[in-house]
Amino acid sequence: MKYALVTGGSRGLGRAICLKLSQMGIPVIINYQSNTAAAEEVCNEITNAGGQAALLRFDVSKPEEINAALDSWEQEHPDDYIAYLVNNAGIRRDNVMFMMPDEDWHRVLDITLNGFFYITRRLLPKMMMRKHGGRIVNMSSLSGLKGMAGQVNYSAAKAAIIGATKALAQEAAARSVTVNAVAPGFIETDMTKDLPMEELKNLVPAKRFGKAEEVAALVGFLCSDDAAYITGEVISINGGLY
């Protein structure tokens with residue numbers, strides 16, 4: 001059986017992506033770090049709707065935690081593999097650069113960029129060994145494409161994800177593994193609730209923030225068989241804000 005793993009799957013975009021993939025009939029592994037109650041809520045919502053879901057707790061920035069958790073999962077599922085990976089885990093620690101503490105720089109890159117590296121490196125070999133390959137979707141951002149003042153750390157991490165996506169797509173394509181990135185603009189989630197929404201809406205040609213479900217629908221398509229010839233792409237979903 002082919003499973004999906006969504007990092008940072010307990011809230012916001014991660015939650016919406018978990019729900020979408022489960023609606024596609026894919027068993028979902030919900031990764032989370034600390035918010036057990038939120039993760040259990042997503043898991044229950046999926047199972048109550050007739051889907052399959054399980055929780056897997058680890059910090060994506062710590063390879064030893066990743067390996068321990070996945071070793072345990074693989075021992076319990078010897079005939080299955082994780083064929084769909086959505087690298088969604090990420091945090092914001094906004095500040096102008098000249099006032100940014102070292103910790104805020106390193107923590108944002110550790111979660112977003114190093115987390116992508118550790119988890120993808122761990123799962124990629126088994127995807128490449130299987131006949132049906134796999135799908136990797138990396139969550140980037142409008143900030144990674146154009147940069148955002150006050151987000152030098154976040155913009156740097158998300159821009160690096162784009163470069164890594166394009167390079168890895170070339171490495172994995174011959175083994176039927178696609179690697180794409182999604183770059184959301186302003187989306188209504190916990191991560192954007194502290195932003196001046198009414199002011200920012202005026203910058204968006206569509207005059208609204210996007211919905212998490214709209215981003216999840218795009219991720220679902222990239223994980224589907226219909227997207228088998230799409231790889232190395234960065235797809236923006238931003239209401240026309242470039």
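Trainee: In which loop is the place of S176?

Mentor: S176 sits in the loop between α6 (152-172) and β6; helices (H or I, at least four residues) and strands (E, at least two) are DSSP runs, numbered from the N terminus. Residues are numbered from 1 along each chain as its sequence is written. This is a predicted model, in which local features need pLDDT of at least 70, side-chain atom pairs count only at pLDDT 80 or more, and totals for chains, interfaces and linings use all residues, while side-chain values use heavy atoms, with hydrogens and water left out.

Trainee: Why does S176 count as partly exposed?

Mentor: Buried means under 20% relative accessible area, exposed over 50%, and partly exposed in between (1.4 Å probe, protein chains only). The relative accessibility of S176 is 39%, so S176 counts as partly exposed. S176 also has a positive phi of about 65°, although it is not a glycine.

Trainee: What is the phi of K207, and where is K207 placed?

Mentor: K207 has a positive phi of about 60° although it is not a glycine. Its place is in the loop between α7 (197-201) and α8.

Trainee: What makes β5 mostly covered?

Mentor: Six of the six residues of β5 are buried. In a regular strand the side chains alternate between the two faces of the sheet.

Trainee: Over how many bridges do β5 and strand β6 pair?

Mentor: β5 and β6 (residues 177-184) pair over six bridges, again in the parallel sense. G134 stands opposite V177 in β6.

Trainee: What makes a set of residues a nonpolar core, and how many residues has the largest one?

Mentor: A nonpolar core is a set of buried Ala, Val, Leu, Ile, Met, Phe, Trp, Tyr and Cys residues joined through side-chain atoms within 4.5 Å. The largest has 29 residues, and I17, L21 and V86 are among those with the most contacts inside it. Elements that each supply at least two residues include β1 (2-6), α1 (12-23) and β5 (134-139); α8 gives the most, with seven residues. Apart from this core lies another, of 27 residues, among them Y3, V60, I82 and L124.

Trainee: Which residues does I17 touch?

Mentor: Contact means heavy atoms within 4.5 Å. Not counting residues up to four places away in sequence, I17 touches V6, V86, N88, M139, A216 and V219.

Trainee: Why does the radius of gyration agree with that of a compact globule?

Mentor: It is taken over C-alpha atoms, and the globule rule is 2.2 Å times the number of residues to the power 0.38. For 242 residues a compact globule would have a value near 18 Å; the protein has 17 Å, which agrees.

Methods. Two strands pair if DSSP finds at least two bridges between them.
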